[in-house]
Amino acid sequence: MAGLDKDTPLPTAITLHRKSRKLEIAFDDGSLFELPFEYLRVYSPSAEVRGHGAGQETLQQGKRDVDIASLEPVGNYAIKPVFDDGHDSGLYSWDYLYLLGRNQAEMWQDYLERLERDNGTRDPALVPPAAPKGGCGSHHH
């Protein structure tokens, strides 16, 4: 995620709507997107969610009620939401946010289909506890 695509519109306004749990983002090309916190969370660009290559994505479950505790600017190219489930490693560049907005219907549908295929759930109460696992490295004692 080096620079920005020079053709990507720039945001003119970013508003957190806490009650409806949506991030509203307006771009200078006139686009306006309302991205639900859950959608942003399950499509986090972090390595924890996306893995380190194709096919290594981790299906995010139980994020229906996720909230954004705070939103931090990152330079002039991204924002870093801090989610109330502790996830804070995703940097959302303007071009990624624009892509999420433009492709929201298809990407959300894809997420719902993956959940169904893996017997997943959006309901936090129904998520089985995560199996303990190490990070990216191996730990031998």
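These notebook entries record what I looked up in the structure.

**Basis.** I worked from a predicted model, in which local features need pLDDT of at least 70, side-chain atom pairs count only at pLDDT 80 or more, and totals for chains, interfaces and linings use all residues. Residues are numbered from 1 along each chain as its sequence is written, and side-chain values use heavy atoms, with hydrogens and water left out.

**Elements.** I took helices (H or I, at least four residues) and strands (E, at least two) as DSSP runs, numbered from the N terminus. The chain has four helices and six strands, and I read their order from the N terminus as β-β-β-α-α-β-β-β-α-α.

**Burial and contacts.** I called a residue buried under 20% relative accessible area, exposed over 50% and partly exposed in between (1.4 Å probe, protein chains only). Of 141 residues, 34% count as buried. For contacts (heavy atoms within 4.5 Å), I noted that residues 24 or more positions apart account for 50% of those with a separation of 6 or more.

I next looked up β4 (residues 68-74) and β5 (residues 78-83), which pair in the antiparallel sense over six bridges; pairing requires at least two DSSP bridges between two strands. L71 stands opposite P81 in β5. Three residues lie between the two strands of this hairpin, and G75 in the turn has a positive phi of about 55°.

**Salt bridges.** My criterion was a side-chain nitrogen of Lys or Arg within 4 Å of a carboxyl oxygen of Asp or Glu. The count by this rule is eight.

I found D65 in a salt bridge with R21, with 3.8 Å between the closest N and O atoms. D65 lies in the loop between α2 (47-50) and β4, and R21 in the loop between β1 (11-17) and β2 (22-27), so the pair ties together parts 44 residues apart in sequence. D65 is partly exposed at 39% relative accessibility, and R21 is partly exposed at 30%.

I then checked E38 and R122, whose side chains meet at 2.6 Å, N to O. E38 is buried, with a relative accessible area of 6%, whereas R122 is partly exposed at 23%.

E72 and K80 also form a salt bridge (3.7 Å, N to O). I recorded E72 as partly exposed at 33% and K80 as partly exposed at 23%. Finally, I noted a network of salt bridges that links R41, K63 and D85.
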